[in-house]
Each structure stands twice: as C-alpha cells, then as structure tokens.
Amino acid sequence: MSPPTDDDFQRPIPTDPIDDTPTVSCSQCDDEWDLSHELDVLQLGNQSVEQFALDHHRHTGHFPDGATPWVATCQQCPDAEQFISETPARRWARTHTRHTRHDVELVHEDEVESVIASE
Ligand SMILES: [Zn+2]
Ligand SMILES: [Zn+2]
C-alpha cells in the first residue's frame, strides 16, 4: 500500500480567472487579443491598452478598435508622434514648443488644435 499521496499534484492549479483583463479587438484584422502579456510580462498596467494600440499601429499601420489616436505634428520639423490618450499628446506638444519654439498641430478625430510656441 502506498501512503496517501500526492493527489495534490493532480489538482489543477487554481487559475482564478481575472475577468478584468482588458481585451482589444480590431475589425480590420478581424481578431481580438487579451492584454495579459502587456499586463503581466511588460508590467504596463494602465498603459497596456495604449501600448498595445501603438504597437499594433507600428506593425500593421492601423489602430485597433476604440483607439483614436492623438497625432502631434510639428509644423517646422519632421517631428511627429502619435498617442492614444490626450495627456501625453499635450505634454509632447508643449514640450516640443517649449524647447524648439516650433508650433505643433494636435489632431484628434477631426479636430485640429494648434499649440503655439509661447514667447
Ligand atoms: Zn489590426
Ligand atoms: Zn519641431
């Protein structure tokens, strides 16, 4: 008789499904992703959706569903950046105008806003 054993090892590892893992879908790719990689591996937390959208754009040339980019474009040099949220886009525009005295155009959906370098 073997001693009462190791049945414990047979138990499935409790996975505690985390239901709030954000998912992103893209109708152009007809695909959907959960962001556990961004959350767990890259430790991006709240920025995981934004990072995913930027990565998706970098690799496919388009943004996934629900991501409306903020595009900051310098009017005087080739500098331009895309952001998924307003705050970093505004920060980039302000910082750029501050350091270069260049005017920056901020485009979101169909709205265009100019960030003018202050004196
Ligand atoms: Zn896509
Ligand atoms: Zn510039």
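Analyst: Gladly! Two strands pair if DSSP finds at least two bridges between them. This is a predicted model, and in it four strands form an open sheet in the order S4-S3-S5-S6, with antiparallel pairing.

User: What makes S3 and S4 a pair?

Analyst: A pair needs at least two bridges, and strand S3 (residues 70–74) and strand S4 (residues 80–83) have four, in the antiparallel sense. Trp-70 stands opposite Phe-83 in S4, and five residues lie between the two strands of this hairpin.

User: And how many bridges join S5 to S6?

Analyst: Five bridges join them, and the two strands run antiparallel. Here His-108 stands opposite Glu-111 in S6.

User: Back to the whole sheet: why are S4 and S6 called edges?

Analyst: The order is S4-S3-S5-S6. S4 and S6 each have a single partner strand, so one side of each is left without a neighbour in the sheet. On average, neighbouring strands are turned by 20° against each other, direction ignored. Helix H3 packs on this sheet, touching S3, S4, S5 and S6, and its direction makes about 10° with that of S3.

User: Which residues of H3 are buried, and why do we say they line one face?

Analyst: Ala-89, Trp-92, Ala-93 and His-96 are buried. An α-helix has 3.6 residues a turn, so residues three or four places apart point the same way. What covers the buried residues of H3 includes S3, S4, S5 and S6. The face turned away carries the exposed residues Thr-87, Arg-91, Thr-95, Arg-98 and His-99. Just after the helix, Arg-101 takes a positive phi of about 65°.

User: Why is Pro-69 called partly exposed?

Analyst: Buried requires 20 or more C-beta neighbours within 10 Å, and exposed requires 12 or fewer. Pro-69 has 19, so it counts as partly exposed. Pro-69 lies in the loop between helix H2 and S3.

User: What does Pro-69 touch beyond four places away in sequence?

Analyst: Its contacts there are Phe-63, Gln-82, Phe-83 and Ile-84. Pro-69 and Phe-83 are 14 residues apart in sequence, yet 5.4 Å apart in space, C-alpha to C-alpha.

Key
Residues are numbered from 1 along each chain as its sequence is written. Chains are lettered from A and ligands numbered from 1 in the order in which they are written. This is a predicted model: local features need pLDDT of at least 70, side-chain atom pairs count only at pLDDT 80 or more; totals for chains, interfaces and linings use all residues. Two residues are in contact if their C-beta atoms, placed from the backbone, lie within 7 Å. Axes are lines fitted to C-alpha atoms, for helices over the stretch in contact, and angles run from 0 to 180 degrees between N-to-C directions.
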